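Here's a quick, friendly tour of the structure shown just below. Have a look at it first, then read on.

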Amino acid sequence: MSRFSDKPEPLGDLLRTMAKRVKKVDLTAIEEIRELWPTLVPPAVADACQPEFVKNHVLVISVPSGAFAQQISFDQESILDGLAPLKDRAPTSLKTVQKA
């Protein structure tokens with residue numbers, strides 16, 4: 001029995017596997033986090049701030065200013081609680097980075 005198959009695999013699956021191996025980034029988790037994002041933070045924050053990626057259980061969020069970074073920090077506990085349904089893929093901390 002061969003380990004490899006002649007049947008093609010979906011490109012998205014291959015890209016997720018490669019991203020995980022190269023950068024330890026979970027693309028599946030970020031897709032789910034982006035869907036949940038508007039329910040986790042106030043509307044103004046959801047519109048201005050974007051979850052970018054999860055690496056080593058840290059959710060990196062881009063923010064337009066220090067004021068939004070402060071709001072994310074203030075809401076950190078409720079954001080992480082809202083992401084708990086992701087179980088072992090849920091981030092355990094947040095990091096903000098300012099957009100250029």
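Contact here means heavy atoms within 4.5 Å. With that in hand, take Ala69: leaving aside its neighbours within four places in sequence, Ala69 is in contact with Val63 and Thr96.

A couple of ground rules before going on. This is a predicted model, where local features need pLDDT of at least 70 and side-chain atom pairs count only at pLDDT 80 or more, while totals for chains, interfaces and linings use all residues. Residues are numbered from 1 along each chain as its sequence is written, and side-chain values use heavy atoms, with hydrogens and water left out.

**The big picture**

- You'll find five helices and three strands in the protein; helices (H or I, at least four residues) and strands (E, at least two) are DSSP runs, numbered from the N terminus.
- Along the sequence, the pattern reads α-α-α-β-β-α-α-β.
- Of the 100 residues in the protein, 29% are buried; buried means under 20% relative accessible area, exposed means over 50%, and partly exposed is in between (1.4 Å probe, protein chains only).
- Among contacts with a separation of 6 or more, 55% come from residues 24 or more positions apart.

- The three strands form an open sheet in the order 1-2-3, with mixed pairing; two strands pair if DSSP finds at least two bridges between them.
- Strand 1 and strand 3 are the edge strands, each pairing on one side only.
- On average, neighbouring strands of this sheet are turned by 30 degrees against each other, direction ignored; the axes behind that angle are lines fitted to C-alpha atoms (for helices, over the stretch in contact), and angles run from 0 to 180 degrees between N-to-C directions.
- Strand 1 (residues 50-55) pairs with strand 2 in the antiparallel sense, over five bridges.
- In that pairing, Phe53 sits opposite Val60 in strand 2, and Pro51 sits opposite Ile61 in strand 2.
- Strand 2 and strand 3 (residues 93-98) run parallel and are joined by six bridges, with Leu59 standing opposite Leu94 in strand 3.

**Strand 2 and Ser62**

- How many of the six residues of strand 2 (residues 58-63) are buried? Five of them are, so-called "mostly covered".
- Ser62 is found in strand 2 and counts as buried because its relative accessibility is 6%.
- What does the side chain of Ser62 make a polar contact with? Its partner is the side chain of Glu52, at 2.6 Å.
- A polar contact is a pair of N or O atoms within 3.5 Å; within protein, one must be able to donate a hydrogen and the other to accept it, and residues adjacent in sequence count only if both atoms are side-chain atoms.
- Not counting residues up to four places away in sequence, Ser62 touches Ala48, Cys49, Gln50, Glu52, Val97 and Lys99.

- The hairpin of strand 1 and strand 2 has two residues between the strands.
- Most residues other than glycine have a negative phi.
- Asn56 isn't a glycine, yet has a positive phi of about 55 degrees.
- His57 also has a positive phi, near 65 degrees, and is a residue other than glycine.

- Ala69 is found in helix 4 (residues 66-74).
- With a relative accessible area of 19%, Ala69 falls under the cut-off and so is buried.
- Ala69 and Val97 are 28 residues apart along the chain, and their C-alpha atoms are separated by 7.9 Å.
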